[in-house]
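Notebook open. I want to look up the aromatic rings here and how they pair.

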Amino acid sequence: MQISSRFTLAIHIFACIDTFGSEYKITSDFLAGSTNVNPVIIRKILGQLKGAGLIEVARGTGGTTVVRPLEEITFLDIYNAVECVEKGELFHFHENPSTSCPVGRNIHHILDDKLLQVQNALEKELAAITLADVKRDTEKYLSKEMN
């Protein structure tokens, strides 16, 4: 299992908005230059973040802004905005396990609680990290580069 790159791209986008937003108009082309990802993909992610109420995107003149303080936006917020998790379930169960097999017949009973426990742990950790943490680390690394 691997979380798609949309998640890390979204965090990268927020870091760029915060770092460069006062100096530059943050457009999909600008973000594509930093992420080295096609602007079409960036626009899709921006649309997902906008739909989740995390950013505003100005039409026409362009430009992207964050609508809430960074301390109030968690990795879980971003994950929920950009990851396509069906029915809120991280793990997709294989279809139609054999009912004629004792393992197949019981596999949901065996795994469902365990998989939910793993998902809850992941979500708890994602909720504990905010974009303010990313901002702090971004500033730390940028200051190292300046020295």
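Is F30 buried, exposed or partly exposed? I looked up its relative accessible area and found 24%, so F30 is partly exposed. I keep in mind that this is a predicted model.

Next entry: the partner. F30 pairs with F20, and the pair is edge-to-face. I read 5.5 Å from centre to centre and 70 degrees between the planes. F20 is partly exposed too, with a relative accessible area of 29%. I then checked where the two rings sit. F20 is in helix α1, while F30 is in helix α2, which covers residues 28-35. The two are 10 residues apart, and the pair links distant parts of the chain.

Next entry: the total. I find five aromatic pairs in the structure. Another of them joins F7 and F75. Their ring centres are 5.6 Å apart. The planes stand at 80 degrees, over the cut-off of 60, so I log this pair as edge-to-face.

Which helices does this pair tie together? F7 lies in helix α1, residues 5-20, and F75 lies in helix α4, residues 75-82.

Next entry: burial of F7 and F75. F7 has a relative accessible area of 10% and is buried. F75 comes out at 14%. That is under 20%, so F75 counts as buried.

Last entry: clusters. I followed the ring pairs onward from F7 and F75 and reached Y79. Ring pairs link these three residues, F7, F75 and Y79, into a cluster.

Terms used. Residues are numbered from 1 along each chain as its sequence is written. This is a predicted model: local features need pLDDT of at least 70, side-chain atom pairs count only at pLDDT 80 or more; totals for chains, interfaces and linings use all residues. Side-chain values use heavy atoms; hydrogens and water are left out. Rings of Phe, Tyr and Trp (its six-membered ring) pair if their centres lie within 6.5 Å; planes under 30 degrees apart count as stacked, over 60 as edge-to-face and the rest as tilted. Helices (H or I, at least four residues) and strands (E, at least two) are DSSP runs, numbered from the N terminus. Buried means under 20% relative accessible area, exposed over 50%, partly exposed in between (1.4 Å probe, protein chains only).
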